[in-house]
Amino acid sequence: MKLTAEISMYPFKENYIEPIQWFIDRVDSYKSIERKTNAMATQICGEYSEVMAMLAVEMQAAHEKWGKAVFVVKFIGGELDLTHTQ
């Protein structure tokens, strides 16, 4: 089963861009997970278990490296077209 998720990271850092870019770069290392980022959030899509496992690993890694950060995630069961625009 596919899973589509939208994730936003809010680091408790003055220089918040660096941890966000670091997180996005880490997501990109998962070749089986599609990623699209805009000014507000990052959308990801892939196999349900792979997306959930990636989020668990990478959110923990982000907290360990950067300290406190809030992650806001929305999940939709199924595959959405991340290239869709209106």
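Predicted model: local features only at pLDDT ≥ 70, side-chain atom pairs only at ≥ 80, totals over all residues.

| Salt bridge | N to O distance |
|---|---|
| Lysine 74 – glutamate 6 | 2.9 Å |
| Arginine 26 – glutamate 58 | 2.6 Å |
| Arginine 35 – aspartate 28 | 2.5 Å |

Take the lysine 74 and glutamate 6 salt bridge to begin with. Lysine 74 sits in strand β4 (residues 69-77) and glutamate 6 in strand β1 (residues 2-11), so the pair links distant parts of the chain, 68 residues apart. Glutamate 6 is partly exposed, at 24% relative accessible area.

Next comes the salt bridge between arginine 26 and glutamate 58. Arginine 26 belongs to helix α1 (residues 17-28) and glutamate 58 to helix α2, so this pair ties together parts that are 32 residues apart in sequence. Is glutamate 58 buried or exposed? Glutamate 58 is buried, because its relative accessible area is 3%, under the 20% cut-off. Arginine 26, at 30%, counts as partly exposed.

As for the arginine 35 and aspartate 28 pair, arginine 35 is partly exposed at 29% relative accessible area, and aspartate 28 is partly exposed at 29% too.

Now for the greasy spot. Which residues form the nonpolar surface patch? They are Met1, Tyr48, Met52 and Phe75, with about 420 Å² of accessible area together. Methionine 52 is part of helix α2 (residues 48-66) and counts as partly exposed, with 33% relative accessibility.

Notes. Residues numbered from 1 in each chain as written. Heavy atoms only, no water. Patch = residues over 30% accessible without salt bridge, like charges linked within 9 Å, V, L, I, M, F, W, Y side chains within 5 Å. Areas by Shrake-Rupley, 256 points an atom, 1.4 Å probe, with all protein chains shown as cover. Salt bridge = Lys/Arg side-chain N within 4 Å of Asp/Glu carboxyl O. Helix = DSSP H or I, 4+ residues; strand = E, 2+ residues; numbered from the N terminus. Buried < 20%, exposed > 50% of the residue type's maximum accessible area, 1.4 Å probe, protein only.
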